Amino acid sequence: MIKLDFHPAGRHFLQIPGPSPVPDRILRAMSYPTIDHRGPEFGAVGLKVLAGIQKIFKTEHPVVIYPASGTGAWEAALSNTLSPGDRVLMYETGHFATLWKKMAESLGLRPEFLGLPGIEGWRRGVQPDMVEAHLRSDTEHGIKAVCVVHNETSTGVTSDIAAVRKAIDAAGHPALLLVDTISGLASADYRHDEWGVDVTVSGSQKGLMLPPGISFNAVSPKALAASKTAKLPRSFWGWDEIIEMNRTGYWPYTPNTNLLYGLSEALDMILEEGLDNVFARHQRLAEACRRAVRAWGLEIQCADPAVYSPVLTGVMMPEGIDADAVRRTIYDRFNMSLGTGLGKVRGRMFRIGHLGDCNDLTLMAALAGCEMGLKLSGVSVAGSGVSAAMEYLAAHAQPLSLKAAA
Ligand SMILES: *Cc1c(COP(=O)(O)O)cnc(C)c1O
């Protein structure tokens, strides 16, 4: 029998970039009884979370909530807006962008995959000038959507979504803009309406601090209009019926009641702290983490400081070191999970998540585990990353009283 309550002393450090640790407050909220999803109490919960999640996406338009992982919401974004054989411009920032492109192919779309060549492309964000040039060459407007990942979780690189919007407009191109911020939402600044995004895809288990299991489509009026004529087959993912029933706080099928309790609590927590404070906390922890990596003498996967991810840091291993062996040592010795290298960077780097329910001392413990694990794995580190991060955090303290007052 598998023992689900396996519990060595102390707590497990879940430092992967999603699922992120679920705060006790959210776990408690999720333990309330499952109620009638057609009853009066449920409608009140539904209306509350639907209104609250709009504040997180910064949109005044509908946000559809699915009982599915982020992958489901990817499919929903494509199948609601596009038709078989449609050309779509996608951009290779890393593993997740690659998976989304594979999905587009399997749905019968024709993706055109832009990107910088080789591994270099996995160290930088979307290049808006490449998007603009490609769209300019599409004089007949055959490309129906531009799909980009805001926070590429496989590498720790973000992309400037406002600049992608500008590139589309500069080319005078009518394509929809679809953005995956599954791991960026509620950790990195994001503005669905202001940045002119047509569909934003997100999920529960990263910045929102929930377990996996619900995901989102924020939908612009232009995307909603496109859905009226889009011909890809869809039923479960169809926006129309869900948005219609959401007006009164209900869903056409059984929604994930207990995860919606969790979402309600997560929204309270995030809005109490204040979105700007949440973003600042992530930036601060990410900077401390990067200082640690530099002090170790190791390279950060993201090669462009302008687009460092506030969510996670990719740490490249020196030649001859298997990053997964280092991760295994850290797991076995210190009960900490780090993110593995995915796709093209498998074995060459690991990822430290510093998102969601994370504070100074969480990060310090995680960095201590990394530093000890690197040494045990025979990586000759140049200096103490732990000291470098401590110095930065101590010099840039953010008192609790200040956070509470916000
Ligand atoms: C986690 C993640 C996904 C996949 O979401 P699932 O919930 O695992 O289906 C897709 N894109 C990005 C950027 C992610 O971080």
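A: Helices here are DSSP runs of H or I with at least four residues, strands are E runs of at least two, and both are numbered from the N terminus. This is a predicted model: local features need pLDDT of at least 70, side-chain atom pairs count only at pLDDT 80 or more, and totals for chains, interfaces and linings use all residues. Residues are numbered from 1 along each chain as its sequence is written, and side-chain values use heavy atoms, without hydrogens and water.

The ligand has 13 residues around it, and Ser 69, Thr 71, Thr 153, Asp 180 and Lys 206 come nearest. Here, a residue is near if one of its heavy atoms lies within 4 Å. By class, the shell holds four nonpolar, seven polar and two charged residues. Gly counts among the polar ones; Asp, Glu, Lys and Arg count as charged; Ala, Val, Leu, Ile, Met, Phe, Trp, Tyr, Cys and Pro count as nonpolar.

Now the polar contacts, pairs of N or O atoms within 3.5 Å. A polar side-chain atom of Asp 180 lies 2.7 Å from a ligand nitrogen. A backbone N or O atom of Gly 70 sits 2.8 Å from a ligand oxygen. The side chain of Gln 205 places an N or O atom 2.8 Å from an oxygen of the ligand. Taken alone, the ligand exposes 380 Å², and the protein buries 88% of that (Shrake-Rupley method, 1.4 Å probe).

Lys 206 lies in the loop between strand 9 (199-203) and strand 10 (215-219). Its relative accessibility is 8%, so Lys 206 counts as buried, meaning under 20% relative accessible area (1.4 Å probe, protein chains only).

Note on methods: A polar contact is a pair of N or O atoms within 3.5 Å; within protein, one must be able to donate a hydrogen and the other to accept it, and residues adjacent in sequence count only if both atoms are side-chain atoms. Buried means under 20% relative accessible area, exposed over 50%, partly exposed in between (1.4 Å probe, protein chains only).
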